[in-house]
Amino acid sequence: MKRFSRLEQIRRMDPYEEATEIYRLSVAYEFPWDFTRALELALYRTYAVPGIGRLLARTAELTDRTQKRYDDTSLLLDAIVEHGFGSDEGRTAIRRINQMHRSYDISDDDMRYVLCTFVVMPKRWIDAYGWRRMSRHETVASAVHYRTLGRHMGIKDIPETYEEFENCLDAYEAAHFAWDEDARRVSDATLDLMASWYPGPLAPLLRTTTLALLDDSLLRTFRYTPPNAATRAWVRRAVRLRGRAVRLLPPRRAPHFARQNWEIKGYPYGYRIADLGTRPVPGVRGCPVRRAAADAEAG
């Protein structure tokens, strides 16, 4: 197989009718490392919206059980990508996602914004640091895949195209990014988690490296001191060089899904999709607030 053979395969597919299949090829074969990093940063930047950051702090899932929250989020989204929306695994993952989110008073606007990060941030990351840029077919397929996920989650007014997802994300961040002490605690816990994956003496370096990859709006919102210009340039150049090195490698012949990532630490003996995630307890840590939904379920 030649280096661009899979891209040629993707271009022969229908990005609307075969969206999840194309997305799976991009995630598991073409850019597994890049999608992992980009989706980490996608979720991370949602903390800068105070309503999201404060809720995550109240649940304590990202401050007290950071590794488990990371693992469960990755594995639930991964199950849909690997098995598809119509599979038993995909339906179970969506059911768990909905059960958790519907336990809290999360606005459609916030839910829509989080969905936008899943579409926009991987393309921006891959175009900047990947071994090649995302093709138009892959970009369209990603938007269609997450539109489908959004519909399964009951999110209203989902953007239609990648460009609409991008405009929605940029506008929402411009209007809603703001300092919040609780959100900063969630951010610090996430940075600590990422550093914990490596030997202890490397933790300060890993924290600086992560901060060097954040954009100015995030650094300002969380009130982090930006790394100096030389450090930021060096880190970003190193990640770009990694992409150029990957370009010289033969194409991946076996898929690599998120469940295979070494950063997933919480399930050394395996897991059941139905057991992933949290079981919010009424009256504890902000659950439940959405009374209309609770009353409807009770009826």
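Guide: A helix here is a DSSP run of H or I with at least four residues, and helices are numbered from the N terminus. Just after one of them, H5, glycine 84 takes a positive phi of about 95 degrees. Please keep in mind that this is a predicted model.

Visitor: How do you know that the length of H5 agrees with what its 18 residues should span?

Guide: At 1.5 Å a residue, H5 should span 26 Å, and its end C-alpha atoms are 26 Å apart, so the two agree. H5 is also mostly covered, with 15 of its 18 residues buried.

Visitor: How do H5 and H10 cross?

Guide: The axes of H5 (residues 66-83) and H10 (residues 181-196) come within 10 Å and cross at roughly 80 degrees. Angles of 65 to 115 degrees count as roughly perpendicular, so H5 is roughly perpendicular to H10. Where they meet, Thr66, Gln67 and Tyr70 of H5 face Ala189, Thr190 and Leu193 of H10 in contact. By class, this contact has 3 nonpolar, 3 polar and no charged residues.

Visitor: On to H6. What makes alanine 93 count as buried or exposed?

Guide: Buried means under 20% relative accessible area. Alanine 93 has 0% relative accessibility, so alanine 93 counts as buried. Alanine 93 sits in H6 (residues 88-101) and, apart from residues up to four places away in sequence, touches Leu76, Ala79, Ile80 and Ile273.

Visitor: Which other residues of H6 are buried, and what do they pack against?

Guide: Gly90, Thr92, Ile94, Arg96, Ile97, Asn98 and Met100 are buried in H6, along with Ala93. The buried residues of H6 pack against H5 and H8. As for length, the 14 residues of H6 reach 20 Å from first C-alpha to last, close to the 20 Å expected at 1.5 Å a residue.

Visitor: How do you know whether threonine 278, with a relative accessible area of 17%, is buried or exposed?

Guide: The cut-off for buried is under 20%. Threonine 278 has 17%, so threonine 278 is buried. This residue lies in the loop between H13 (229-247) and H14 (291-298). Leaving aside neighbours within four places in sequence, threonine 278 is in contact with Glu61, Arg96 and Met100.

Visitor: How many aromatic pairs are there in the whole structure?

Guide: A search finds 15 aromatic pairs. In one of them, phenylalanine 31 and phenylalanine 35 have ring centres 6.4 Å apart and planes at 55 degrees, so the pair is tilted.

Visitor: Why is that label used for planes at 55 degrees?

Guide: Ring centres within 6.5 Å make a pair, planes under 30 degrees apart count as stacked, over 60 as edge-to-face, and the rest as tilted. An angle of 55 degrees therefore gives a tilted pair. Both residues count as buried, phenylalanine 31 at 0% relative accessibility and phenylalanine 35 at 2%. Phenylalanine 31 forms another tilted aromatic pair with tryptophan 131, at 6.0 Å centre to centre and 35 degrees between the planes.

Visitor: What makes the pair of phenylalanine 31 and tryptophan 131 a link between distant parts of the chain?

Guide: They are 100 residues apart: phenylalanine 31 is in the loop between H2 (19-30) and H3 (32-46), and tryptophan 131 is in the loop between H7 (108-129) and H8 (136-152). Tryptophan 131 is buried, with a relative accessible area of 3%.

Visitor: Which residues form one aromatic cluster?

Guide: Phe4, Tyr23, Phe31, Phe35, Phe118, Trp131 and Tyr146 form that cluster.

Notes
Residues are numbered from 1 along each chain as its sequence is written. This is a predicted model: local features need pLDDT of at least 70, side-chain atom pairs count only at pLDDT 80 or more; totals for chains, interfaces and linings use all residues. Side-chain values use heavy atoms; hydrogens and water are left out. Helices (H or I, at least four residues) and strands (E, at least two) are DSSP runs, numbered from the N terminus. Buried means under 20% relative accessible area, exposed over 50%, partly exposed in between (1.4 Å probe, protein chains only). Contact means heavy atoms within 4.5 Å. Axes are lines fitted to C-alpha atoms, for helices over the stretch in contact, and angles run from 0 to 180 degrees between N-to-C directions. Angles under 35 degrees count as roughly parallel, over 145 as roughly antiparallel, 65 to 115 as roughly perpendicular and the rest as oblique. Ala, Val, Leu, Ile, Met, Phe, Trp, Tyr, Cys and Pro count as nonpolar, Asp, Glu, Lys and Arg as charged, and the others, Gly among them, as polar. The expected span of a helix is 1.5 Å times one less than its number of residues.
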